Amino acid sequence: MAKRLIPTLNRVLVEKIVPPSKTAAGILLPEKSFQLNSGKVIAVGPGLRNREGEMIPMSVKEGDTVLLPEYGGSQVKLDDKEYHLYRDEDILGTLHD
C-alpha cells in the first residue's frame with residue numbers, strides 16, 4: 001500500500017538528491033567532491049498563521065530544487081524511500097538552471 005505524507009504547518013518534505021559517485025567513464029569520485037547538499041521538494045504544508053490570523057505563504061512549492069543545511073531535518077522512511085522534513089525557514093534557497 002502506497003503512503004502519502006502531507007506535512008503540517010510550515011514543514012517541507014524533501015527527497016535528497018544523491019550525486020553520482022562515478023563518472024560516465026567509470027572513474028570513482030571522492031566524497032569530498034559532493035559539496036552541494038540539495039533536494040527536490042515532494043510536498044509542502046499549508047504554512048503558518050501570524051498573530052492576526054493571516055496565512056503566511058510558503059517560500060517553496062512542490063517540484064522545486066532546494067539548497068539544504070548540512071545538518072537538521074527529521075528523517076522519514078516511506079515505501080523503502082528516504083525523505084527529510086524541514087521547516088520552511090531552515091531551507092537555504094532554491095536552485096535554478
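**Close-up views of a predicted model**

**View 1. Leu9 is partly exposed, its relative accessible area being 44%.** The structure shown is a predicted model. L9 lies in the segment that precedes strand 1 (11-16). Together with L48 and I56, L9 forms a nonpolar patch on the surface. The accessible area of these residues together is about 240 Å². Because partly exposed covers the range between the limits of under 20% for buried and over 50% for exposed, L9 at 44% falls into that class.

**View 2. Strand 6 pairs with strand 7 (residues 81-87) in the antiparallel sense.** The pairing of strand 6 and strand 7 extends over 5 bridges. Within this view, V76 is found opposite Y83 of strand 7.

**View 3. H84, a residue of strand 7, is buried.** The relative accessibility of H84 is 11%; the limit for a buried residue is under 20%, so H84 is counted as buried. When neighbours within four places in sequence are left aside, H84 is in contact with V12, L13, V14 and K16, and also with S74 and Q75.

Conventions:
Residues numbered from 1 in each chain as written. Predicted model: local features only at pLDDT ≥ 70, side-chain atom pairs only at ≥ 80, totals over all residues. Heavy atoms only, no water. Patch = residues over 30% accessible without salt bridge, like charges linked within 9 Å, V, L, I, M, F, W, Y side chains within 5 Å. Areas by Shrake-Rupley, 256 points an atom, 1.4 Å probe, with all protein chains shown as cover. Salt bridge = Lys/Arg side-chain N within 4 Å of Asp/Glu carboxyl O. Helix = DSSP H or I, 4+ residues; strand = E, 2+ residues; numbered from the N terminus. Buried < 20%, exposed > 50% of the residue type's maximum accessible area, 1.4 Å probe, protein only. Pairing = 2+ DSSP bridges. Contact = heavy atoms within 4.5 Å.
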